[in-house]
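This briefing is intended to be read alongside the sequence and the three-dimensional model. Its points are grouped by topic.

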Amino acid sequence: MFTHVMVGSNDLERARGFYDATFAALGGKPGEMDARGRLIYAHEGGRLMITKPIDGKPATAANGGTIGIAAASPDRVRAWHAAGTAHGGKAIESPPAERPNGAFVAYLRDPDGNKLTARSHPTR
């Protein structure tokens, strides 16, 4: 259904440090900067892009928005969460935990305030 998700950042190098670390924890590769100055992460068929807003105004986080990232296992979710908090992210909501359906879930805000979740597939 989706080709990509794009979020804004006011500091692409800070964003690169955060996203390089969190995607490495999931088994992904570092981001690449394209010719238009957008940071691009490709992982398991999906793309996440980070950019400075083209209107020149400051980037802001979506109120009520969450970006969900698939993780292969609970250990990958834990590693993602640890990498994110070590690289400028903020732990939010509950600590990483298993949900009643068996999915293992963690939440972070990236350095620009975007809300992210990593989750493994349900086991039940």
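**Surroundings of T51**

Beyond its neighbours within four places in sequence, T51 is in contact with M6, V7, G8, S9, L12 and R38. The model is a predicted one. T51 belongs to strand β4, which spans residues 46-51. T51 counts as buried because its relative accessibility is 12%, below the 20% limit for that class.

**Salt bridges**

- The whole structure contains 5 salt bridges according to the search. Side chains of opposite charge can pair when their charged atoms come close.
- R16 and E13 form a salt bridge between their side chains, at 3.7 Å from N to O. The two residues are 3 apart in helix α1 (residues 12-25), so about one helical turn separates them. E13 is classed as exposed because its relative accessibility is 54%.
- D112 and R14 form a salt bridge in which the closest N and O atoms are 2.7 Å apart. D112 is in the loop between β8 (104-109) and β9 (115-119), while R14 is in helix α1, so this pair ties together parts that are 98 residues apart in sequence.

**Aromatic pairs**

- Across the whole structure, the search finds 4 aromatic pairs. F23 and Y41 form a stacked pair, with 5.1 Å from centre to centre and 15° between the planes. The term stacked applies because the angle is under 30 degrees.
- This pair connects distant parts of the chain, since F23 is in helix α1 and Y41 in strand β3, at a separation of 18 residues. F23 and Y41 are both buried.
- F18, Y19, F23 and Y41 are linked into a cluster by ring pairs.

**Position of A21**

- A21 is located in helix α1. With a relative accessible area of 13%, A21 is buried.
- Apart from neighbours within four places in sequence, A21 is in contact with A83 and H87.
- The C-alpha atoms of A21 and T85 are 9.8 Å apart in space, and the two residues are 64 apart in sequence.

**Largest pocket**

- The largest pocket holds about 380 Å³ of space. Its lining comprises 17 residues, of which H43, G46, R47, G68 and I69 are the closest to the centre of the pocket.
- Strands β3 (39-43), β4 and β5 (67-70) are the elements that give two or more residues to this lining. The most is given by β5, with 4 residues.
- Divided by class, the lining of the largest pocket consists of 9 nonpolar, 6 polar and 2 charged residues.
- T51 is in β4, and β4 is among the elements that give two or more residues to the lining of the largest pocket.

**Positive phi values**

- Most residues other than glycine have a negative phi. Which positive value does E44 have for phi? Phi of E44 is near 50°, and E44 is a residue other than glycine.
- E44 is in the loop between β3 and β4. E44 counts as exposed because its relative accessibility is 66%, above the 50% limit for that class.
- E93 likewise is not a glycine and has a positive phi, of about 60°. E93 is placed in the loop between β6 (90-91) and β7 (97-98). The relative accessibility of E93 is 51%, so E93 counts as exposed.

Key: Residues are numbered from 1 along each chain as its sequence is written. This is a predicted model: local features need pLDDT of at least 70, side-chain atom pairs count only at pLDDT 80 or more; totals for chains, interfaces and linings use all residues. Side-chain values use heavy atoms; hydrogens and water are left out. Buried means under 20% relative accessible area, exposed over 50%, partly exposed in between (1.4 Å probe, protein chains only). Contact means heavy atoms within 4.5 Å. A salt bridge is a side-chain nitrogen of Lys or Arg within 4 Å of a carboxyl oxygen of Asp or Glu. On a 1 Å grid over the protein atoms alone, a cavity is a set of points where a 1.4 Å probe fits but cannot get out, and a pocket is an open set with protein on both sides within 12 Å along at least five of seven lines; lining residues have an atom within 4 Å of a point. Grid points are joined across faces, edges and corners, and a volume is the space filled by probe spheres set on the points. Ala, Val, Leu, Ile, Met, Phe, Trp, Tyr, Cys and Pro count as nonpolar, Asp, Glu, Lys and Arg as charged, and the others, Gly among them, as polar. Rings of Phe, Tyr and Trp (its six-membered ring) pair if their centres lie within 6.5 Å; planes under 30 degrees apart count as stacked, over 60 as edge-to-face and the rest as tilted.
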